Amino acid sequence: MRIVLQRVTYANVKVEGRVTGQIEKGFLLLFGVGHDDTEEECRRLADKISGLRIFSDENDKINLDLDSVSGQILVVPQFTLYADCRKGNRPNFIQAAKPDKANALFEYFVEYLRAKGKRKRQPHPAPPKNKMSRGTTSAQVLQCNVNCMQLYVTV
């Protein structure tokens with residue numbers, strides 16, 4: 001499984017000109033699935049991502065996690081994360097999972113993150129609940145609009 005995480009102030013994803021998911025401050029996740037990936041790997045990465053402390057605190061130190069800033073998550077499926085360009089000039093995607101498996105693990109990952117956000121205890125007073133949004137797995141034309149906070153992490 002390959003995930004590229006981008007810290008954003010705003011992001012949306014459009015399919016054929018229609019917005020299918022959008023968030024404010026939080027994480028844009030590009031999500032790729034390989035042949036050997038499992039639900040266990042989905043859970044491990046979701047747990048890791050939800051605990052990453054990559055937002056600035058009052059002292060401008062990168063020290064706060066997603067919950068601390070009432071952040072949101074937008075997950076976008078992206079099989080091209082498995083592009084292999086080692087030979088020739090045309091990438092191959094042989095290591096990317098077949099669509100049925102990739103779609104199933106994408107859905108599992110999104111639902112696991114959504115449930116994880118609902119289970120977390122909120123500090124008092126409670127900030128707005130984490131918002132989960134997602135792209136679509138069968139899109140031919142996908143466009144992401146992002147207002148970036150210049151931090152990328154490969155998970």
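User: Quick one to start: is Glu41 buried, partly exposed or exposed?
Analyst: This is a predicted model, and in it Glu41 counts as partly exposed because its relative accessibility is 23%, where the cut-off for buried is under 20%.

User: And what does Glu41 form a salt bridge with?
Analyst: Its partner is Arg44, and the closest N and O atoms of the salt bridge are 2.9 Å apart. Both residues belong to helix 1, which covers residues 39–51, and they are three residues apart, about one turn of the helix. Arg44 is itself partly exposed, with a relative accessible area of 47%.

User: How many salt bridges are there in the whole structure?
Analyst: A search of the whole structure gives four salt bridges. Among them is the one between Arg114 and Glu111, with the closest N and O atoms 2.6 Å apart, and another joins Asp84 to Arg86 at 2.7 Å between the closest N and O atoms.

User: Where do Arg114 and Glu111 lie?
Analyst: Both are in helix 2, residues 99–119, three residues apart, about one turn of the helix. Arg114 counts as partly exposed at 24% relative accessibility, and Glu111 is also partly exposed, at 41%.

User: New topic, how many aromatic pairs does the structure hold?
Analyst: There are five aromatic pairs in the structure. One of them is formed by Tyr108 and Tyr112, which are stacked, with 6.3 Å centre to centre and 20° between the planes. These two tyrosines both lie in helix 2, four residues apart, about one turn of the helix.

User: Which residues do ring pairs link into a cluster?
Analyst: The cluster consists of Phe31, Phe106 and Phe109, linked by ring pairs.

User: Last one, which ring does Arg2 lie over?
Analyst: Arg2 lies over the face of Tyr82, at 4.1 Å from the ring centre.

How values were computed:
Residues numbered from 1 in each chain as written. Predicted model: local features only at pLDDT ≥ 70, side-chain atom pairs only at ≥ 80, totals over all residues. Heavy atoms only, no water. Salt bridge = Lys/Arg side-chain N within 4 Å of Asp/Glu carboxyl O. Buried < 20%, exposed > 50% of the residue type's maximum accessible area, 1.4 Å probe, protein only. Phe/Tyr/Trp six-rings, centres within 6.5 Å; stacked < 30°, edge-to-face > 60°. Lys NZ or Arg CZ within 6 Å of the ring centre and 35° of its normal.
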